[in-house]
Amino acid sequence: MSTLRHTSSVDPDALGKYPLFAITFGAVFSVLYLFVMNYSWQLFSYYPQVGRFTFWTSTLPATAGPQMKWYGYVATCAIVSFVAGLIVCLLPTNLLRRVWWPGFIWLVPGCAMLVALYLILVVGD
Amino acid sequence: MWLNTNLWLTLLTIHGILAFFLLGALTHQAIAVWAPVHARVSNFFGHVRAVSAHDYGGAIVVLYVLTFLLGMIVYPDYKLTASTVLSNPAFKWVKALDSFEFKEHTLAIGLALLPAYWYYWRPPLVPARDFVRAMLTTLLTIIAWMGFIVGHILNNAGGLGFLPSH
C-alpha cells in the first residue's frame, strides 16, 4: 500500500456512475437519518412483545410493549438515499464537476454522528 | 419466541465473535493505512503495521454486514430483556441506554458507508483516493469499536436472555 499522502493527481474515475451513487447514498443516508430519527419518520415500527408491525406513525396501545422504530428508520433512509443516488447518477457531468467532492463520504457521516450524539444527549431523542 | 434464552445467547455469541473479527480487520487496516511500513520488521508493532491493508476490504464488508444482520435479529430480545433491566431506575443504568441508542444510529450510518468503502478498497488502489480511503476506514473503525464496547458493557450489565424478577 502506498504511503498515505495528499496528492494533487486527479482521480480518473471520480465521476463514474458507481462512485457517484455510493458517495451520494452514504452522505444522504447520514443526513436524512438525523431527521428521520428526530421526527420519527420511520417507515414502520415493530412491537416484539406481540409480534406485530405498524406502518408510518401508527402505534399500538401501551399494553403491546416496547415499540422498535429503528428498523423503520433504516428502511426509510435506505430507500430515499437509494433514489437520491440514482438521481445524482443521471445529472450531467459538467454540472457535477462544479460541486462534487469525494470527501463528502467521510465528512458528512462524521458530522452526522456528532449531531446524533448531541440529539441523544442534549435533545433527548 | 423472543424469550428463548438458549437461542438468543447463541445468536448473541455469534454476533460477538463476528464483531471481534470485524474489529481485528478494521483495526489492522486503519493502522496500516495511517502508519504503513515498507521495510522488513522484527517487532510486534512493526508486524501490526505491515499487514496488507488492501486484502481486508472485502472481508470487512462481509463481516460488517453479517454482524449487522445478527444484531438486527437479536435486537428484539435486547429490547425485551436487557433494556428492561437497564431502564429500571433502581439499577442506575438508565443513562446507559443512551449509549445503545448512539450505537444503533452510528452502526446504521456505517452500513451506508459500505458501498463507498468497497469502491475505494477495490483494486487497483488509485493514489488519488488514498485520503478518502483512509478516512472511510477510520470512520468504520471508530463505529465498530464504539459499537463493540457499548454492546459488551450493556450485555454484561443487563444480559440478553435475562428476565428481571417481578
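Reader: Axes are lines fitted to C-alpha atoms, for helices over the stretch in contact, and angles run from 0 to 180 degrees between N-to-C directions. At what angle do helix α4 of chain A and α5(B) pack?

Author: At about 165°, with the axes 10 Å apart; α4 of chain A covers residues 104–123. That makes α4(A) roughly antiparallel to α5(B). Angles over 145 degrees get that label, under 35 is roughly parallel, 65 to 115 roughly perpendicular, and the rest oblique.

Reader: What kind of model is it, and how is it numbered?

Author: It is a predicted model: local features need pLDDT of at least 70 and side-chain atom pairs count only at 80 or more, while totals for chains, interfaces and linings use all residues. Residues are numbered from 1 along each chain as its sequence is written, and chains are lettered from A and ligands numbered from 1 in the order in which they are written.

Reader: Back to that helix pair. Is the crossing left-handed or right-handed?

Author: The crossing of α4(A) and α5(B) is right-handed. That term applies if the near helix is turned clockwise from the far one by less than a right angle, and left-handed if anticlockwise.

Reader: Which residues make the contact?

Author: From α4(A), they include Ile105(A), Pro109(A), Met113(A) and Leu117(A). From α5(B), they include Phe102(B), His105(B), Ile109(B) and Leu113(B). Contact needs C-beta atoms, placed from the backbone, within 7 Å.

Reader: How do they divide by class?

Author: Twelve are nonpolar, two polar and two charged. Nonpolar covers Ala, Val, Leu, Ile, Met, Phe, Trp, Tyr, Cys and Pro; charged covers Asp, Glu, Lys and Arg; the others, Gly among them, are polar.

Reader: And the whole interface? How many residues are in contact?

Author: 36 residues of chain B touch 40 of chain A. On the chain B side, α1, α3, α5 and α6 each give two or more residues. The largest share, 13 residues, comes from α5(B). That side has 27 nonpolar, three polar and six charged residues.

Reader: How do the two strands run?

Author: Strands β1 (residues 44–47) and β2 (residues 52–55) of chain A run antiparallel, joined by four bridges. Pairing takes at least two DSSP bridges. Phe44(A) has Phe55(A) as its bridge partner. The two strands form a hairpin with four residues between them, and Gly51(A) in the turn has a positive phi of about 65°.

Reader: Where do α1(A) and α2(A) come together?

Author: Their axes come within 7 Å and cross at roughly 145°. This crossing is right-handed. Phe21(A), Phe25(A) and Leu32(A) are among the α1(A) residues in the contact, and Val80(A), Gly85(A) and Val88(A) among those of α2(A). The contact has 18 nonpolar, four polar and one charged residues.

Reader: One residue in chain B: is Leu18(B) buried or exposed?

Author: Leu18(B) is buried, because 20 other C-beta atoms lie within 10 Å. Buried means 20 or more such atoms within 10 Å, exposed 12 or fewer, and partly exposed in between, with C-beta atoms placed from the backbone. Leu18(B) sits in helix α1 of chain B.

Reader: What does Leu18(B) touch?

Author: Leaving out residues up to four places away in sequence, Leu18(B) touches Leu63(B), Leu66(B), Thr67(B) and Leu70(B). The C-alpha atoms of Leu18(B) and Val65(B) are separated by 9.9 Å, though these residues are 47 apart along the chain.

How values were computed. Contact = placed C-beta atoms within 7 Å.
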